[in-house]
Amino acid sequence: MSSLTTTLNLAGHSLYNRRVTAALTIASIAISVALLLGVERIREEARTSFASTISGTDLIVGARTGHLNLLLYSVFRIGNATNNVTWESFEDIRSRPEVAWSIPISLGDSHRGFRVLGTNDDYFRHYRFSRSRQLEFAAGQPFDAVFDAVLGADVAAELGYELGDEIIIAHGAGAASFAEHDDKPFTVVGILQKTGTPIDRTVHVGLAGIEAIHVDWEGGVQRPASRRSAEEVLEMELEPEEITAFLLGLKSRVAAFSLQRQINEYPGEPLLAILPGVALQQLWEMVRIVENALLAVSICVVAAGLIGMLTAILTSLNERRREMAILRAVGARPWHVLMLILSEAGLLAASGVLAGLALVILVTAAIAPWLEQQSGVFITIQPPGVFELVIAAAVIGAAVLISLWPAWRAYRNALADGLTIRV
Amino acid sequence: MIERVSLELIPVIVLFCGTSLVLAADEPRVLMWEQMIPASEMEPAPVLPGAEPDTVAPNELAIGGWTYGTEPVAELDGQLVRIPGFVVPLESDEGGLLDEFLLVPYAGACIHLPPPPPNQIVYVTLEEPYELTSMWDPFWITGTMHTEPYLGEIAQTVYRLSAIEIEDYEY
């Protein structure tokens with residue numbers, strides 16, 4: 001309709017004439033829309049990211065703490081265990097007939113802020129993520145000798161390591177440690193491909209390696225009296241006595257229930273067995289309240305942005321009575337004036353939504369690396385989807401709807417004023 | 001003229017009957033959990049004079065296997081059923097939506113209550129992944145049931161369901 005394009009054209013010029021006010025209004029809508037879209041995007045990505053970190057594992061077993069605690073420290077490297085699991089309990093449970101495979105893991109050391117994971121070959125054989133993907137090597141191979149290490153993709157990239165480099169493992173999980181195992185350096189023999197999970201930020205060594213560096217340590221301190229060199233240690237028996245947790249794959253998924261119960265009632269020591277899917281679901285249900293609160297706040301902020309737009313249009317009405325009279329004089333009907341106001345509101349909202357979309361993409365791209373480091377949540381930059389379109393339509397629709405009020409006022413004024421007005 | 005009318009009506013009648021037969025065949029059977037226990041396990045054990053009452057408590061699990069609850073109802077194999085239950089999530093797809101789960105008769109089976117026997121658990125795979133909001137809400141699951149024998153210590157799933165629909169359970 002030519003009158004629609006004319007109206008839109010006129011609306012555009014009209015807004016440009018008041019571009020400072022218009023820009024501020026667009027900015028307020030943009031920020032509020034960006035907040036809403038950002039909250040929803042991060043929520044989705046977090047959920048996807050966590051869900052794809054581990055797959056195909058029937059039970060995770062550790063010392064008795066709590067479901068979420070065990071899930072977070074064993075799989076996501078968030079938080080810490082409070083106690084260890086003896087090697088005897090591990091051997092006993094993994095020899096049960098229901099068990100198809102097992103992966104022991106040992107945590108507690110770090111390298112320049114990246115967690116060190118002690119495990120064995122079964123880790124590279126059986127660990128699955130993102131539904132059914134296996135761990136693959138970008139370079140090198142799994143560890144073989146006692147002092148071999150395999151790096152996650154991000155560890156190698158951020159610290160610039162290559163095959164053959166030597167690294168020092170430190171005691172504790174902080175960014176720096178003043179208790180280093182510097183007499184027993186490890187050699188990088190493998191670098192994994194990027195997985196988009198906390199594995200990328202982990203240094204993997206053999207269980208024997210973990211035992212080797214703690215051989216002369218007691219109570220978190222290296223005892224000078226019992227100090228052993230790297231060569232001496234290689235002569236020793238390096239059977240692990242304790243591990244932090246272990247993963248189990250069973251021959252039948254239904255058997256998970258009864259084995260879980262047996263482990264929870266294990267007479268040897270206090271253990272806890274969890275089903276990863278169930279623990280993740282518990283995590284979501286706890287977080288859901290926070291998610292809903294954030295969403296409600298974001299919606300209120302969008303409403304505030306729209307009310308700001310309404311205020312701007314309403315307050316400008318009085319000044320624009322002469323403008324409307326001029327338009328009437330060149331042949332505009334009163335309902336053209338109504339359409340003009342509505343179009344202005346629509347244009348403001350549409351520009352705000354587009355700017356908001358651009359803003360959210362920029363901001364998520366900017367904070368993605370930081371978020372990955374802090375919490376293991378991997379945000380991928382995705383093109384706008386159904387949710388974004390629905391929000392855009394809703395915001396623009398709401399803007400046009402609420403601008404009916406000033407549009408009606410302008411319509412009445414145009415009727416009353418006619419061609420002559422007294423300002 | 002009457003003959004012509006009735007001749008034209010015949011394909012309509014056939015179509016109608018055919019459709020209603022098909023619809024009737026597609027009507028899922030509502031299944032209750034007690035119906036998943038075979039008759040052989042419903043019989044109380046005969047009490048011999050002077051013998052001790054059954055000392056195997058329901059929660060005592062023989063290591064590596066169950067002493068009861070291992071037989072499926074064979075005639076359920078291949079049937080389209082609709083069964084209510086609680087969801088124990090197992091696997092999600094890449095988008096974090098639920099893909100595979102275990103269906104059990106009561107909530108809390110995965111946490112603090114004793115587990116149900118194998119013929120009171122259904123291993124369900126969803127055609128369309130679903131966003132699960134609560135493990136404490138019951139659902140109706142519709143799909144084709146498959147039964148498999150439980151092979152002693154190498155435990156297999158007794159009941160498997162390929163689900164085509166999952167709906168909220170209304171009281």
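In this predicted model, A:R112 sits in the loop between strand 3 (99–111) and strand 4 (114–119) of chain A. Its backbone stands out. A:R112 is not a glycine, yet its phi is positive, at about 50 degrees. A:R112 has 15 other C-beta atoms within 10 Å, so the residue is partly exposed.

A:R77 also calls for a look at its backbone. Phi of A:R77 is near 60 degrees, again a positive value in a residue other than glycine. This arginine belongs to the loop between helix 3 (67–75) and strand 2 (85–86) of chain A. A:R77 is buried, because 20 other C-beta atoms lie within 10 Å and the cut-off for burial is 20 or more.

The largest nonpolar core holds 100 residues. Which of them touch the most other members? They are A:V61, A:A149, A:F246, A:I274 and B:L102. Where does this core lie in chain A? Domain 1 (2–50 + 288–417) and domain 2 (59–274) of chain A both contribute residues, so the core lies between them. A second core, of 37 residues, is separate. Among its members are A:A22, A:M324, A:A345 and A:A410.

Helix packing comes next. Two packed helices are described by the angle between their axes and the distance between the axes. Helix 10 (residues 276–317) and helix 14 (residues 404–417) of chain A pack at an angle of about 10 degrees, and their axes are 9 Å apart. Angles under 35 degrees count as roughly parallel, and helix 10 and helix 14 of chain A are therefore roughly parallel to each other. Helix 10 of chain A brings A:I313, A:L314 and A:L317 to the contact. Helix 14 of chain A answers with A:P406, A:R409 and A:A410. Five of the contact residues are nonpolar, none is polar and one is charged. A:A410 is also a member of the second core.

Last, the two chains. Chain B gives 27 residues to the contact, and chain A gives 24 residues. Which element supplies the largest share of the side of chain B? Strand 2 (residues 80–92) of chain B does, with five residues. The side of chain B that touches chain A consists of 16 nonpolar, seven polar and four charged residues.

Notes: Residues are numbered from 1 along each chain as its sequence is written. Chains are lettered from A and ligands numbered from 1 in the order in which they are written. This is a predicted model: local features need pLDDT of at least 70, side-chain atom pairs count only at pLDDT 80 or more; totals for chains, interfaces and linings use all residues. Two residues are in contact if their C-beta atoms, placed from the backbone, lie within 7 Å. Helices (H or I, at least four residues) and strands (E, at least two) are DSSP runs, numbered from the N terminus. Ala, Val, Leu, Ile, Met, Phe, Trp, Tyr, Cys and Pro count as nonpolar, Asp, Glu, Lys and Arg as charged, and the others, Gly among them, as polar. A nonpolar core is a set of buried Ala, Val, Leu, Ile, Met, Phe, Trp, Tyr and Cys residues joined through C-beta atoms within 7 Å. A residue is buried if 20 or more other C-beta atoms lie within 10 Å of its own, exposed if 12 or fewer, and partly exposed in between; C-beta atoms are placed from the backbone. Domain bounds come from an automatic or database domain assignment. Axes are lines fitted to C-alpha atoms, for helices over the stretch in contact, and angles run from 0 to 180 degrees between N-to-C directions. Angles under 35 degrees count as roughly parallel, over 145 as roughly antiparallel, 65 to 115 as roughly perpendicular and the rest as oblique.
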